[in-house]
Protein chains: 2
Amino acid sequence: MKLFKTLTLLLFTSLILTSCGNKVENMVKNMAELKSAIDDAQPGDVIVMSNGTWTDVEIDFKANGLVDKPIVLKAETPGQVFIEGQSFLKIAGQFLEVHDLYFRNGYTPINAVIQFKSDKKNAAYDCKVVGCVIENFTQLDRTKKDHWVEFWGQRNQLLSCYIAGKSNNGPTVRAELKGNQHANCHHLIANNYFGPRPRRGGPRGETMQLGDSYTSMVPSYIEVRDNFLDRCNGEVEVISSKTNFNKFVNNVFYKCEGSLVLRHGNYATIDSNWFIGDDNSDNIGGVRVINTGHWITNNYFYNLKGNEFRSAIAIMNGIPKSPLNRYNQVTDVVIAYNSWVDCITPLQFSVGSNVNKSDVLPKSEIRSALPIRTTVANNVIYNSKTVSKDIVKYYDTPGDVDFQCNHVSETNDVKGFDGFLISEMNAISDETSIPFVEVADPNAKLFDGFDFAKIKNDIFSNNRDANHAGAICAVKDVKYNVLNMDKYGPSWFVASKGNANAKRVTVKTSEELYTSFEKANSGDTILIDADVLTLSKNIEVTKSVVVASANKDQQVRLQFTSTDQAPAFELGPGVDINLQHLIVEGTKTLNCFEPNAKDMSIAANVFVDNCTLSGFHSIYRSKKGSFTDTLKVVNSVMKNLVDGFIFDSETDDKGDYNAEFLIFENNQISDVENVFVDYHRGGYDESTIGGNFVFNNNVVKRSGKLGSNAILLKTNGIVNVQILNNEFTSIKSGFVARLWGEKNNVESGNTIKGKSKIVTDEFVTQKLMY
Amino acid sequence: MKLFKTLTLLLFTSLILTSCGNKVENMVKNMAELKSAIDDAQPGDVIVMSNGTWTDVEIDFKANGLVDKPIVLKAETPGQVFIEGQSFLKIAGQFLEVHDLYFRNGYTPINAVIQFKSDKKNAAYDCKVVGCVIENFTQLDRTKKDHWVEFWGQRNQLLSCYIAGKSNNGPTVRAELKGNQHANCHHLIANNYFGPRPRRGGPRGETMQLGDSYTSMVPSYIEVRDNFLDRCNGEVEVISSKTNFNKFVNNVFYKCEGSLVLRHGNYATIDSNWFIGDDNSDNIGGVRVINTGHWITNNYFYNLKGNEFRSAIAIMNGIPKSPLNRYNQVTDVVIAYNSWVDCITPLQFSVGSNVNKSDVLPKSEIRSALPIRTTVANNVIYNSKTVSKDIVKYYDTPGDVDFQCNHVSETNDVKGFDGFLISEMNAISDETSIPFVEVADPNAKLFDGFDFAKIKNDIFSNNRDANHAGAICAVKDVKYNVLNMDKYGPSWFVASKGNANAKRVTVKTSEELYTSFEKANSGDTILIDADVLTLSKNIEVTKSVVVASANKDQQVRLQFTSTDQAPAFELGPGVDINLQHLIVEGTKTLNCFEPNAKDMSIAANVFVDNCTLSGFHSIYRSKKGSFTDTLKVVNSVMKNLVDGFIFDSETDDKGDYNAEFLIFENNQISDVENVFVDYHRGGYDESTIGGNFVFNNNVVKRSGKLGSNAILLKTNGIVNVQILNNEFTSIKSGFVARLWGEKNNVESGNTIKGKSKIVTDEFVTQKLMY
């Protein structure tokens, strides 16, 4: 964010200079003064909020500046004005600016943190929010919906802000377009740093949602440019564009588990963006295309491994004469001059085709309309290593797609694909390790499509006179650092790195153990130096800690004897608990782990390695609204339980679920009376494609409830299920597992001794959630 | 069209001047020369087609001019180059112009008469068709579909043309937008005269259709301005706008039986148009509104009496989450500064609401979504006489519509309507007898809606500084003549008035009668001076004639004895036959009237007054594809028949039917064995709302087929049915008639002696036609 320091300095200089003229600088120290200053504000005024913490403030910045005399509301010192507690900022009127506020340690009591309107009749026009931070300003109850920046009105801008850590329901940024006073809005979202957004476990976790299906006919012309999106993993749609003529230019999508989705609306421009994946993830997507007239040009897709909804380019099938809120056919789309580097099967067509499901879905749900009048030309596909998979995948018969002059490295096979040709390529790695690729032959063949002359520049804004295929005209710009953060977010802000104060403590008694949890900092390790500790009270886990035996070769025994409702470990929001080398024993009226019922704003994680967990009712039991990102148990013994792991609290059939990853590897499991896992996602919606269950190399004995329909490992509605190389003996339930064949549910290498079985149901009748 | 003569003279002067420069004028006399001239054409060339008749010509005008050097194809003398037979004109390339051709006496063998493309890959850009005529160039088979002007490509123009008489299937002008090369097309349709288009009897009779539901998301920006639409009665949609951002400005809709319909697409501008009705018609409509964001401003609606689909302003209900081809909800519409003068209930809301039909229609057909976020402000409603009907009608509960400052003359009652106020008005009639109206008080209250400042001018393009309500800011412009035709159509063309050579002839023998039909001119009257004529051959009616007894007090007897398949009177396309004071007798193997089977391009009409028709199988029997605009029998005797009038040939359930008006008044009817009338329209589609049956003051005896389900007067699917003050005696069929209660079907004052009855079925299950 260094580059912007200079700009900010210049800005301040100008403010000071101007204040020597007719500008009034009005320092305010409390809400009464602030309210009064706003009420009296004249064009050109600057209202300065004094440094310090402003708690429970409801700012209604309603005033009217002029194009050359905006009214400015700013922090005395950038980053030293903290908005905390139950607070929000509303902006309404014309030519207003807000600078350098820091929202933290709280949440909004209304629908939005920053809202570009005051009420139904008063919206914002030509207003800017610049250099502000909204960090972890998330609702305590993660099922409560809000937005952090809500756009209304016209020509408003969100510039150079840092926004991160929203874990509750609702898109981070939302543009509303209902009404002529909000249509044709031309908002600008630029140079912001969108920090990590954790997985939400269901829909409504977008980082941006621009409009909705009811305004999908509205022209909006929203421009999203020069932003950095860092691991925005909230859901399968990182950005959901639902209106017309939006532009997405020069953004970096860094390891975001989702895609830029053209969900509704038409004629989007997606130009010169970077989509950066990871060797180890097939959840990181690129662009998903629905509807008409989009131009996808000059983009660079690196290291994307996803398929279907999460493929680098996913062109969907539509529903013929689709209802307003479903899937229009893809028509008149242009995909030109893009580069796919080290992506697997970057072009996937007719994604979402479900013609074979006409028995279980209503006709208005059948996506059978193939993409038509679509051009894919002058792109580059480069792989540094030989790839055995196809460059193009069709989930239905090919539609009317014109492939022309797409250049492919010799590490791929183009046989059987018209419009693709093997070309020699030059690949040069820059300092960020993203290789830049160009077609070697400067006279390589190109296609002259309708209006292609309008694609004047490449991803570096170099003009295309040297008219190479792919996003980069010439690799001379190899010095460009895609991951240079200087241009994003406020110049004054450095995102906290956490764990700076982490320490290791050793305890010998129960009391010391309780005390160590109370005093822990996030990241602490608590080592127990004892044989047995008897614990008559439960433990509230409010910071992320590792708990382990002091000697890892000798497991410490923790005997929980508490009889109240609370579990052995009650997990607060956002904590990780990590147990190692412990024997944890309970009673049949006690659960081992539960999330805190009142306060489930952020996902908790549970890691167990080399432990024995026994004698409990359940090891983990979810609550409605709680979410566990990852629960991972490895190399452990679990035995003598009523249930194992229960994640079944989202019963509204709205696509929500209680955990993103459940992983069990190398465990010994025995004597579980009912189910070992109940992992539930209800409600059919292809846009919630999450839920991951891994159960590999475990040995399970004498478990499950008697009954021909009973299931030991229940994964209803979970999309990704892997059950490999386990041994099941004396399972009483009729099924070890029932898999969902059309999704990514696989099993192999399992040995089942006895009558129980694993079956695969190809189609599962689901309740529609919209 | 005088004003334009001056312009045309200027144009020619410039052409001649330029031809003294580098312009090449190339006279061509036949297709070979024309083809060669086109092949060789260079920017700036003028190709001149020599005067005379060009028959069966397929012109493919494919060339490339330059912005300042168009290639022109023109007539040697405007209006003296006739394109006849099976001919068409295709235009493809850039900067081409076609001037002054006259299409007549033929039809196109392809899909279009003038087509702005040559083939799939070659469309027209920046091309113009100027001053051409297409007159009655209609397919022989009226079920065969074509378009007369088909727009493709971008920025093409249809200027100062005369186009009239299309009676076959298909819109007269059609804009196609499938593909980026046809989107954002910015076509201009200006200063044309669209002459009468006869009623088609079913859908696909629009004068203009701009796009379709599949391209309803495409921006088109088509401008339709300064056109005169004269009795364009093809169907209920005169213009069907189905794409986005179209503009309709300053057109005159003169007694068109239909509306300007915003069927699909959004953000249309309808500004400064004249919608002129007729005291005697409730079929003449105004603007029908569906979808989002339209601005309807400065329009003048005069003398419109229609309701529902045909009301001056019909705001429809939408279908929630409508399928692509159905009805989106009305949102964000502005209706401001319009004037309704002598209209009855000009504002009708929730038209098409059919919530009560959920038993007989699928859910995706139920129009229950009320109009929302719509503003109706600063309009004028003026009635010269006191009106008892409401100014606003709701077919459902009111939606979210903001009525503000609408000024109403004291001849109306505004009680119970918010946002309407009684104001004194000044009304001044101009020479065309259309009164111009203004609010008397120059300071009358106005509403300042969002973006209303953009409504800068009134209907006369006077600026709105004197900011009156209604379409006219000040009536100082009263000299404006709305019906001045000078600005429409080619300057060289006068539409033929017909009947100039009509004469009266008297015949005494059968042979003379046959000869008189053969030699007749349209409009002739044939008087028969004889007691009885025996006619062993049938009569082919190829011209419109009146046939009457020479002495109107003494009916002449015509005895048809022919036994071949042909009917007594075989009607050619477009004829009217009018029988007066005749006794027409036939046999039970003979029908009295039938349309010509091969050649049914234009509707025929039948009028019978003071005649006796007896002894035939049927009096009228339709054929598939034939159409009768009006059949009217009055003061006559009809007896001794198998059937009466059979109009049942449109059996495809596509909304088509065989007659627009069937009228029977003051007749004596007896001894009809089966049905007296079978009048059928199959297929449910609210956009075909035609069919009119009138049966008043008749006496019917001893008729109808025996059977409890038999019907004497069958009107299945006909929307307007009126059965008043008749006497039915000894009717054998179970029903005299079955009426459709939810449509405009009424009966009263009928006397039925015997068991037969008239029933009303509220809802009729219909087959959907889309």
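# Exercises on a predicted two-chain model

In this predicted model, 22 residues of chain B are in contact with 22 residues of chain A.

**Exercise 1. Characterise the side of chain B that touches chain A, and determine how the two chains are related.**

*Step 1.* Begin with composition. On the side of chain B that touches chain A, the residues comprise 11 polar, 6 nonpolar and 5 charged.

*Step 2.* Identify the symmetry. This is the relation of a two-fold axis.

*Step 3.* Locate the axis. Of the C-alpha atoms in chain B, that of Pro323(B) is nearest to the axis, at 1.9 Å.

*Step 4.* Compare the contact residues. The same surface serves both copies, since 100% of the contact residues of chain B recur in chain A.

*Step 5.* Record the confidence in the complex. The predictor assigns an ipTM of 0.81 and a pTM of 0.82.

**Exercise 2. Describe the open sheet of 10 strands in chain B, and explain why one side of S45 and of S70 lacks a neighbour.**

*Step 1.* Examine the ends. Strands S45 (504–507) and S70 (744–748) of chain B stand at the edges and each have a single partner strand, so one side of each is left without a neighbour in the sheet.

*Step 2.* Determine the twist. From one strand to the next, it averages 10°.

*Step 3.* Inspect the pairing at S70(B). Strand S67 (residues 720–724) of chain B runs parallel to S70(B) and is joined to it by 5 bridges. Asn720(B) has Asn744(B) in S70(B) as its bridge partner.

**Exercise 3. State the domain arrangement of chain A and the confidence assigned to the chain.**

*Step 1.* Read the domain bounds. The domain assignment of chain A gives domain 1 as 3–477 and domain 2 as 570–761.

*Step 2.* Taken over C-alpha atoms, the centres of domain 1 and domain 2 of chain A are 36 Å apart.

*Step 3.* Chain A has an average pLDDT of 90, and 92% of its residues score at least 70.

Notes: Residues numbered from 1 in each chain as written. Chains lettered and ligands numbered in written order. Predicted model: local features only at pLDDT ≥ 70, side-chain atom pairs only at ≥ 80, totals over all residues. Pairing = 2+ DSSP bridges. Helix = DSSP H or I, 4+ residues; strand = E, 2+ residues; numbered from the N terminus. Axes fitted to C-alpha atoms, helices over the stretch in contact; angles between N-to-C directions. Domains from an automatic or database assignment. Contact = placed C-beta atoms within 7 Å. Nonpolar A, V, L, I, M, F, W, Y, C, P; charged D, E, K, R; others polar. pLDDT = per-residue confidence, 0-100. Least-squares fit on C-alpha atoms with pLDDT ≥ 70 in both.
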